[in-house]
Amino acid sequence: MKIKEVLSALERFAPLPLQESWDNAGLQVGLTETEVSGALLCLDVNEKIVDEAIQKGCNLIVSHHPLLFRGLKTISDLTDVQRTVMKAIVHGICVISMHTNMDNAKGGVNFRIAEILGLRDVRFFASKIVDGIEAGSGVIGDLPEALAADDFVQAVKKAFDVECAMCNELLRRKIQKVAICGGAGDFLLDEALKAGADAFITGEMHYHQYFGYEQRIQICVIGHYQSEQFTSEIFREIIERECPGIRTEIAEISTNPILYL
């Protein structure tokens, strides 16, 4: 099976028109007419990820975050991105990225976060229609049973195996309706409140966004990488379902650049 068939399968699940205007999802590097020897699935692409693909005999990398956000005027050894592009080309490795189109797709990143938390009746909030397709940057759903705020935060930390969570003042009421936006989601905080959410989970937020929401909504910020860590599982399910026989490998290397010391 050729790389272009994998690309088509991914884009059927999360069409490129669903991506945000500033994004650069889709094909990043490489030739799509090549037969797939294996697909390495990851969150970010850097030199170590390319090395892992080489070591595992994979000539395709599928990432969540694009390798190329902006155009390159030079391809040399000056930056990590340039070195990564060069290494991928030299070793005949194709790179595909499914970013905000996968965030905005039904069954995408935020639906997986909701699944990990065991939420019920999961649906978009602040949804939009793009090319006749319902899409949205965040989802909302209900916990099976209401939890006290401190128990809720502990449950989120356990589900995502995080060392800490950045929260505002703990709610003095129970939490049942939860809104989610993986990655950098503070732009949806007010929409979550309007949707009736008791809590809002995201990967990162600006400092000043925490002010003014005391006892209105429980903010729970778990880290950008941590919130999207299960995205590779979505890639694997799509490829195994739509392109049977292709070997998939979830990257063993953590590309999270943030350390909690």
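The structure holds 3 aromatic pairs, a pair being two rings of Phe, Tyr or Trp (its six-membered ring) with centres within 6.5 Å; planes under 30 degrees apart count as stacked, over 60 as edge-to-face and the rest as tilted. This is a predicted model, in which local features need pLDDT of at least 70, side-chain atom pairs count only at pLDDT 80 or more, and totals for chains, interfaces and linings use all residues. Residues are numbered from 1 along each chain as its sequence is written, and side-chain values use heavy atoms, without hydrogens and water.

Q: What is the angle between the planes of Phe111 and Phe124?
A: Phe111 lies in helix α5 and Phe124 in strand β5 (residues 120–125), 13 residues apart; helices (H or I, at least four residues) and strands (E, at least two) are DSSP runs, numbered from the N terminus. The rings are 5.1 Å centre to centre and edge-to-face, with an angle between the planes of 90°.

Q: Is Phe160 buried or exposed?
A: Buried means under 20% relative accessible area, exposed over 50%, partly exposed in between (1.4 Å probe, protein chains only). At 1% relative accessibility, Phe160 counts as buried.

Q: How far apart are the end C-alpha atoms of helix α9?
A: Helix α9 (residues 231–242) has 12 residues. The expected span is 1.5 Å times one less than the number of residues, so α9 should span 16 Å. The model agrees, with the end C-alpha atoms apart by 17 Å.
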